[in-house]
Amino acid sequence: MKQGTDRQTGKVIGGLDYLRQRITDALETEQGSLVVERQYGSRLHELVDMNIDLNFEMECYVRVAECIANPKNGLDDLRLTDMKVVSSLDGQVTLDLYGVLLDNGEPIVLEGIIIDVSRD
């Protein structure tokens, strides 16, 4: 698995912690907002004003799957198999992601990923 720098501590992290950080960063970054890399990020922020219902969950799933499949986001070590929207309050969406690590085929669960999609 990939390794990188923890954005809170500056220390080297790897494994699922680094994967969680990379997913969170890509999902929270509005696609098109980075001048250098317009394709980086997700379209999850477009859902901020939607009613929380089955349509919201489906749209959320589509945008998360697009984000993880986008090669510009660097998440090519994960294949998403399922997702659960746990809650959505005050511009934040909490997700449980289920997938498979592509380097070893290990199934993983990343619970409680909190994404801030509000427009400040």
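1. A word on terms before anything else: a residue is called buried here if its relative accessible area is under 20%, and exposed if that area is over 50%, with partly exposed in between. Keep in mind, too, that this is a predicted model. With that settled, helix 2 has these buried residues: Phe56, Cys60, Arg63, Val64, Cys67 and Ile68. They span an arc of only 130 degrees around the axis, so they sit on the same side of helix 2.

2. Staying with helix 2, what does the face turned away from its buried side carry? That face has the exposed residues Leu54, Met58 and Ala69. On the buried side, the cover includes helix 1 (15-28), strand 3 (78-89) and strand 4 (92-101).

3. With 14 residues, helix 1 reaches 20 Å from first C-alpha to last, close to the 20 Å expected at 1.5 Å a residue. Its buried residues are Tyr18, Leu19, Gln21, Arg22, Ile23, Thr24, Ala26 and Leu27. The elements covering them include strand 1 (3-5), strand 2 (12-14) and strand 5 (107-116), along with helix 2, strand 3 and strand 4.

4. Three strands form an open sheet in the order 3-4-5, and the pairing is antiparallel. Strand 3 and strand 5 are the edge strands, each pairing on one side only. From one strand to the next, the twist averages 20 degrees.

5. How many bridges join strand 4 to strand 5? There are eight, and the two strands run antiparallel. As an example to look up in the model, Gln92 has Asp116 of strand 5 as its bridge partner.

6. Helix 2 lies across strand 3 and strand 4, at about 140 degrees to strand 3.

7. Thr94 is a residue to look at in strand 4. Is Thr94 buried or exposed? Its relative accessible area is 16%, and the cut-off for buried is under 20%, so Thr94 counts as buried. Setting aside neighbours within four places in sequence, Thr94 is in contact with Lys84, Val85, Val86, Ser87, Gly112, Ile113 and Ile114.

8. The loop between helix 1 and helix 2 also deserves a look, starting with Ser42, which lies there. A polar atom of the Ser42 side chain lies 3.3 Å from the backbone nitrogen of Leu44. Not counting residues up to four places away in sequence, Ser42 touches Ala26, Leu27, Thr29, Glu30, Gln31 and Cys67. Two of those names have come up already: Ala26 is among the buried residues of helix 1, and Cys67 is among those of helix 2.

9. Gln31 is placed in the loop between helix 1 and helix 2 too. Its relative accessibility is 28%, so Gln31 counts as partly exposed. The Gln31 side chain reaches the backbone oxygen of Gln39 at 3.0 Å. Residues up to four places away in sequence aside, Gln31 touches Arg38, Gln39, Tyr40, Gly41, Ser42, Arg43, His45 and Asn70. Gln31 and Leu44 are 13 residues apart in sequence, and their C-alpha atoms are 8.8 Å apart in space.

10. Last point: Lys72, in the loop between helix 2 and strand 3. At 45% relative accessibility, Lys72 is partly exposed. Which residues is Lys72 in contact with, leaving aside its neighbours within four places in sequence? They are Glu37, Gln39 and Tyr40. Gln39 and Tyr40 are also among the residues that Gln31 touches. Lys72 and Gln31 themselves are 41 residues apart in sequence and 11 Å apart in space, C-alpha to C-alpha.

Key: Residues are numbered from 1 along each chain as its sequence is written. This is a predicted model: local features need pLDDT of at least 70, side-chain atom pairs count only at pLDDT 80 or more; totals for chains, interfaces and linings use all residues. Side-chain values use heavy atoms; hydrogens and water are left out. Buried means under 20% relative accessible area, exposed over 50%, partly exposed in between (1.4 Å probe, protein chains only). Helices (H or I, at least four residues) and strands (E, at least two) are DSSP runs, numbered from the N terminus. The arc is that of the directions from the helix axis to the C-beta atoms. Contact means heavy atoms within 4.5 Å. A polar contact is a pair of N or O atoms within 3.5 Å; within protein, one must be able to donate a hydrogen and the other to accept it, and residues adjacent in sequence count only if both atoms are side-chain atoms. The expected span of a helix is 1.5 Å times one less than its number of residues. Two strands pair if DSSP finds at least two bridges between them. Axes are lines fitted to C-alpha atoms, for helices over the stretch in contact, and angles run from 0 to 180 degrees between N-to-C directions.
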